[in-house]
Amino acid sequence: MESHGGRPLRAWQSQALARYEEARPSDYLVTATPGAGKTTFALTLASRLLARREVARVVVVAPTDHLRTQWAEAADAAGIVLDPTLTNAVGPVRAGTKGYVTTYAQVAGKPALHAARCTAAKTLVVLDEVHHAGDGLSWGEAAEEAFGRAARRLCLTGTPFRTKPGERIPFVRYSEVPDGEPGELRSSADYTYGYREALRDGVVRPVVFAAYTGTARWRNSAGEVIAASLSEPSTKSVEATAWKTVLDPKGQWVPHVIAAVDERITHLRAHGVPDAAGLVLASDQDDARAYAAIVKKVTGHKPELILSDDPTASKKIEKFGTGTARIAVCVRMVSEGVDVPRAAVLAWMTSYRTPLFFAQAVGRVVRSRGPHEAATVFLPAVRPLLTLAAAMEEERNHVIPPPAQVSDDLDPLPPRERAAGETREWRAIDADAQFAHVLHGGRAVLAGGPELTEADGEHLGLLAGMLTPEQTAHLLSQRDEDHRRAAAAAAVQDDLFGGLGSGSQGSPAGAGAGHFEPDEGQAGWRAAADLRREVNQLVARVASRSGEPHSRVHVSLRRAVPGPASASASVEVLEKRRDFLLAQL
């Protein structure tokens with residue numbers, strides 16, 4: 001079966017269309033994983049309804065202005081002329097078009113105007129990423145006012161989503177959750193196509209999640225220096241502050257991981273994906289600018305910097321999608337709906353942690369173009385992100401929490417945790433980075449598989465399934481050590497020559513740049529770094545052999561050799577812990 005534009009429909013698209021044709025509903029909700037082809041499905045349905053004169057107009061509501069153009073271009077390829085420039089200042093739909101593309105913000109600005117347009121002719125309204133209609137009561141109410149009397153409504157979303165209590169998404173059906181809390185509701189999609197099914201069908205790329213730990217030090221409001229590892233057991237507050245510290249652009253964690261990202265892009269380009277690119281997600285515009293400078297210094301290549309307040313942002317996204325630039329640094333501009341098929345690597349350098357944002361962002365690098373492509377996501381080894389990564393293949397429905405439940409927060413430092421004192425006034429001191437593990441099938445896989453030849457390494461991420469998860473972890477661990485040695489050499493060179501010559505093109509040597517200001521304990525800290533890494537590696541080996549989680553091995557180690565966590569332990573304690581671990585192997 002073919003779409004109106006002549007391209008063969010995927011099996012799920014045909015099934016969803018057949019189900020729609022059978023029911024002929026006024027409202028139809030499709031949940032399909034990012035990259036699955038929701039746009040093609042929607043435009044094929046629109047073409048059929050227009051051809052049968054069941055509707056005479058099509059209106060698409062998108063989250064952003066950039067997506068207006070993307071929808072209009074896709075519609076044009078399908079033979080449907082949609083106007084992406086129609087504003088609220090213009091009354092009627094322009095002659096010669098079949099409809100228009102607008103945004104949720106524009107609909108909220110003049111819902112009555114859009115209602116008049118949709119009732120002047122029988123209209124199909126396509127609500128792209130419909131969860132945006134729940135971004136606030138005003139947006140949901142506006143969407144309901146504008147499109148409540150439309151002939152047909154098609155709701156699309158790339159991921160299951162949550163809303164705040166009382167903010168139901170219009171045009172979506174709900175039912176009680178059998179085993180949920182009182183008042184908990186669940187949406188009911190008319191057709192669902194998840195990541196698991198898309199991976200099975202070859203519609204999306206398999207994803208390798210490469211988790212990087214690190215030891216962070218910061219000074220709290222009392223002037224005390226606190227040290228913590230991302231992957232060691234700690235309170236949520238300490239974990240969140242360690243996460244925030246490693247993302248500080250003046251530290252060592254960011255350049256180290258960017259070097260790994262650059263190496264991954266180089267590898268992909270040399271082995272079957274010549275235009276491979278990477279995305280770096282930042283928490284805010286200041287960090288994005290700082291990360292862009294680090295990318296330039298570490299890789300020797302200037303990245304594309306995409307900021308939401310830049311009037312040329314849409315053009316930059318388009319340029320990056322069709323160009324040859326290696327890396328784009330952005331805040332949230334490419335997190336949802338934006339099509340950049342050549343992007344195959346993602347660096348998660350942001351504090352965002354909601355399931356919706358995580359799935360949408362990862363969705364930017366999973367769009368498949370061929371059978372031998374894979375995606376790699378580099379992320380901090382913190383519990384919130386590791387949980388989301390492990391659950392990515394699970395189907396999660398849209399659940400409205402009961403009134404007593406607090407919705408997820410994008411900020412890893414909620415107000416109740418900031419008040420604890422240790423995070424109220426925070427100043428980063430230092431942070432390093434170390435490869436921790438890869439995630440596969442919801443479990444952490446450590447380095448420790450069979451030794452690999454150089455030829456084996458060429459297949460990593462190129463021929464999905466050729467390497468075991470253990471071999472993948474082994475390769476990434478080896479590359480991490482190479483980056484660490486290069487960074488150390490660059491740091492020595494900086495000390496000797498004042499930083500001249502560091503950050504040469506195409507080399508991770510620049511990962512040694514961007515130091516924190518010197519601290520009184522800096523010498524001892526650096527001297528203990530290698531020993532601390534050795535302890536962490538031994539913990540990984542013990543955990544791999546025993547099947548115990550890392551956190552449990554760390555707890556047992558601290559019981560056997562009392563003292564503070566390894567992140568802040570003295571050299572003497574670290575040596576005793578190393579000897580204790582060696583005795584168990």
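Modeller: Let us begin with a definition: buried means under 20% relative accessible area, exposed means over 50%, and partly exposed lies in between, with a 1.4 Å probe and protein chains only. Please keep in mind that this is a predicted model, in which local features need pLDDT of at least 70 and side-chain atom pairs count only at pLDDT 80 or more, while totals for chains, interfaces and linings use all residues. Residues are numbered from 1 along each chain as its sequence is written, and side-chain values use heavy atoms, with hydrogens and water left out.

Colleague: Why does Tyr28 count as buried?

Modeller: The relative accessibility of Tyr28 is 2%, and the limit for buried is under 20%, so Tyr28 counts as buried. Tyr20, at 0%, is buried by that rule too.

Colleague: What makes Tyr20 and Tyr28 an aromatic pair, and of which kind?

Modeller: Rings of Phe, Tyr and Trp (its six-membered ring) pair if their centres lie within 6.5 Å; planes under 30 degrees apart count as stacked, over 60 as edge-to-face, and the rest as tilted. The centres of Tyr20 and Tyr28 are 5.0 Å apart and their planes stand at 90 degrees, which makes the pair edge-to-face.

Colleague: Why is the pair of Trp12 and Tyr193 called stacked?

Modeller: Their ring centres are 5.2 Å apart, with 15 degrees between the planes, and the limit for stacked is under 30 degrees. Trp12 lies in helix α1 and Tyr193 in strand β9, so the pair ties together parts that are 181 residues apart in sequence. Trp12, at 2% relative accessibility, is buried, and Tyr193, at 4%, is buried as well.

Colleague: What makes β3 and β9 edge strands?

Modeller: Two strands pair if DSSP finds at least two bridges between them. Seven strands form an open sheet with parallel pairing, in the order β3-β4-β2-β5-β6-β1-β9, and β3 (82-83) and β9 (191-193) each pair on one side only. Within this sheet, four bridges join β5 to β6, and Val126 stands opposite Leu154 in β6.

Key
Helices (H or I, at least four residues) and strands (E, at least two) are DSSP runs, numbered from the N terminus.
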